[in-house]
Amino acid sequence: MLDLFALLYRAVVLWTASYAAASLILLLIFWKHRRETRPVPPEPPDGAWPRLTVQLPVYNEPAVVIRLLEAACALDYPPGQLEIQLLDDSSDDTTALARAWLAARPREQGRVSILRRENRTGYKAGALAAGLAAATGELIAIFDADFLPPPDFLRRTVPHLLARPELGLVQARWGYLNRDESALTRAQALALDGHFVVEQFARNRAGLLMNFNGSAGVWRRTCLEEAGGWQADTLCEDLDVSYRAQLAGWQFLFLPDVVCPSELPPLLGALRSQNARWARGSVQCLLKHGGAAARAPIGWRRRVAALYHLSAY
């Protein structure tokens, strides 16, 4: 019996150590490609830019909803080609604040709409799906409530999609408005930088499967629709649709030099809730896509990397 327990112990230690080895491999890939850049392709003339929809999913965000709307309206994009959807499932005064803000700005009423649902079925995935059904854009940019996209965000991301028809998503790096607020926010920033600066960059440059991070990304609408759209059977709808799209043959691009500022959870309770949701959702995606990833005709290295990615939590 003791020999059996010793064998099991060694197996668990080796299996756990393999995840550290996988992280080390990503670090080495990052180091190899760290100086590579992706110059922005030439911009088309103003009349050739595609119609683009900016989606802003919010739920009870009265402190930041106005800031979010103002940042979206400040995005530099050809006039007449941009629409903005506030996907508002709120049950507090967020909706009233947004409506009052829009009523006081007649110039924005033609391109900003506030979409509300009768219920929160599917939560964020449901809101995004409802917004997509009403959207008129060929491209879909998504920003969560605590993000502040810089004015040149679309000018630095959209040309990549126009130059490469095989691209389904361009993902930017997250920045942090409150990085130095506390030891907790500094620790979160360090961990997220490890994900974005090292992991996302390494996966993308090595041709491995990566994921949309739920915000600060621009999708090709055709990619979303061919991948099956937003589905609410996992808590990580962003990871879910990322794997469906890439396993269907679409490519993604990560741009570490395009940074979209965001706010980190300042309280431990909010951070625990966020990480619990990410952990549970990742496991749900592993159960949903693990088999398909293991059988996909994408080469054994990409299959193994995908399984490690999905099962990290």
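The model is predicted, with local features requiring pLDDT of at least 70 and side-chain atom pairs pLDDT 80 or more, while totals for chains, interfaces and linings use all residues. Residues are numbered from 1 along each chain, and side-chain values use heavy atoms, without hydrogens and water.

The axes of H2 (residues 65-73) and H3 (residues 94-103) come within 9 Å and cross at roughly 40°. Contact means heavy atoms within 4.5 Å. The residues that meet are tabulated below.

| Helix | Residues in the H2–H3 contact |
|---|---|
| H2 (residues 65-73) | Val65, Ile66, Leu69, Glu70, Cys73 |
| H3 (residues 94-103) | Thr94, Leu97, Ala98, Trp101 |

By class, this contact of H2 with H3 holds 7 nonpolar, 1 polar and 1 charged residues.

In helix H10 (residues 300-310), Ala306, His309 and Leu310 are buried, that is, under 20% relative accessible area with a 1.4 Å probe, whereas exposed means over 50%. Viewed down the axis of H10, the buried residues fall within an arc of 90°, so they line one face of the helix. They pack against helices H6 (183-205), H8 (237-247) and H9 (268-295). Trp300 and Arg301 are exposed on the other side of H10.

Ser90 lies in the loop between strand S2 (82-88) and H3. Ser90 counts as buried because its relative accessibility is 4%. Its C-alpha atom is separated by 4.4 Å from that of Tyr59, 31 residues apart along the chain. Not counting residues up to four places away in sequence, Ser90 touches Val58, Tyr59, Asn60, Glu61, Thr95 and Arg116.

Technical notes. Axes fitted to C-alpha atoms, helices over the stretch in contact; angles between N-to-C directions. Helix = DSSP H or I, 4+ residues; strand = E, 2+ residues; numbered from the N terminus. Nonpolar A, V, L, I, M, F, W, Y, C, P; charged D, E, K, R; others polar. Arc of directions from axis to C-beta.
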